[in-house]
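Hi,

Here is the structure I promised to pass on.

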Amino acid sequence: MSKFKQIALSLFLVFFVILCWQVAENVINTNRLANNETGLEAFIPSPITILHTYGESGSLIITQSMYTFSKAMIGFGVGVVFAIFMAFVFLLFPFLRKVALPILFGVNSFPIVGLAPAIILAFGQGSSFSIIFISALICYFPTLITLDTAFNNIDKDILDLMRVMNASRWQIVRYIRLPQSLPYLFLAMKLAIPGSIIGATMGEWLGARNGIGQIITISLYQLKPGLLYASLFLIIVASLLGIIIVEILERYFVKWKHLN
Amino acid sequence: MTALISLNKINKGFLVKKKLNPVINNISFDINYNEVISIVGPSGCGKTTVLKIIANLLDVDSGEILFNGKKILKSKINHSIGYVPQNHTLLPNRTVFENITLPLEINGKKDFQKALDLVDLMGLSEYKDHYPSQISGGMKQKVSIARALVLNPDLLLLDEPFASVDEISREKFNLELLRLNKILKRSMILVTHNIEEAVFMSDRILVMSGVNGSIISEVNIPLGDARNPETRSSELFFSTTNIIRKLIKTNE
């Protein structure tokens, strides 16, 4: 199947789900109103209502989401760069890797929902630093673990061959470990992008004056499901956009992986 | 005349559950300049281990290896050895030509003329800019052989280089390798499961025992230098392969 057909089919599927949602919403809403019950729109908005919300509060959602996405991107950058740095440190000092990796796995299993309030308490409510920190933390662990696995998962025959060629440790990193781990790094980045936005949103949700997390809180307390869903869909679109950008970068830097 | 490489009373074992499991048992043999030898034997008899010992990828428990009459030191890699592992191990991120030039780059050599010559000699010009994922399994092994030859080694070690290709292609690659070696005049050690391949390619065959990892027999191949596809149909070829087959079967 051609790439164009794949995209067209995916878009058709999304459109079909939205259409079903709209039809189901209309039917259920009519029945509930006929039975003197609160309309479903009060809890779950229809796609048309969400579209209306973008029209009414579009500038608010966009402005607030910029706060969130900018912090998420900084957190993403910090998390990924620091993970790459640590993966290199582990590569250079295998002893440190043996000692630190189980501890890092332990820290990673700590629920971020519990850790986020602790970070906010430590760095201050509404502080950009705490939001960036939560976002970076979510990106850091999967990237580090994926990259570390890729660095250490090289075919033994290739390593033997490099020894026969008299390659130094640095040359093995340059010619083998680094290029062969690039697809895994991009995969980790694709997983980290939604994580960074979720982290930033969660940070704002727990106590910030701006951002999409704050809009979600307000829409919840003011019973504005349209605003809530509009914000959520913007998060999805932003995540997808980030993944597409990483995919484009991957196709450029790891073009050998995408050959016919 | 000194042999290119001499193995004297080599022993090697691996620790399995804290117990030394002997794999190579008191092996001694010489390889002369421009000689092609094959090592055959049942699976797990230690053929690849012998190659890895010669390539200095494994330390021996006892015995010594002399290269040009000089003892090979532990963990000192010998540039005069080219190694072709069982899997092609081409780097997927480098083109065919970049894979061939890798040993030159690693050893700080900037002149890639030798690589270009090999590409021409081995009929790889058409695929020079292809990536490994774009060429066939047999072609990958050819690239792997070119890469092993690019540093001009005296000895080429080949570990079942054509195990993954079909019988017809294997015979074609055997012929090509012989043709190449007539030009380059290198010594080669070929590890193979295929008795016909061993007989066709070699001047001498070492038969390893499947019981205790020793060499049970050395058989000189009386086929002469002029080998061609018809050689495989000759009576001498059949009788030699039968001798080797019997030797392996009686020591499985």
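Below is what turned up in chain B, starting with some ground rules.

This is a predicted model, so local features need pLDDT of at least 70 and side-chain atom pairs count only at pLDDT 80 or more, while totals for chains, interfaces and linings use all residues. Residues are numbered from 1 along each chain as its sequence is written, and chains are lettered from A and ligands numbered from 1 in the order in which they are written.

First, the interface. 18 residues of chain B are in contact with 15 residues of chain A (contact: C-beta atoms, placed from the backbone, within 7 Å). On chain B's side, β6 (81-84) and α2 (96-106) each supply at least two residues, and α2(B) gives the largest share, 3 residues. Helices (H or I, at least four residues) and strands (E, at least two) are DSSP runs, numbered from the N terminus. That side of chain B has 11 nonpolar residues, 7 polar and no charged (nonpolar: Ala, Val, Leu, Ile, Met, Phe, Trp, Tyr, Cys and Pro; charged: Asp, Glu, Lys and Arg; polar: the others, Gly among them).

Next, the sheet. In chain B, 4 strands form an open antiparallel sheet in the order β2-β1-β4-β5 (strands pair if DSSP finds at least two bridges between them). β2 (19-31) and β5 (70-71) of chain B are at the edges with a single partner strand each, so one side of each has no neighbour in the sheet. Further in, β1(B) and β4(B) pair over 5 bridges, with B:N11 partnered by B:S62.

Finally, β9(B) and β10(B) make a hairpin with 6 residues between them. B:G213 in its turn has a positive phi of about 65°.

Cheers

Key. Contact = placed C-beta atoms within 7 Å.
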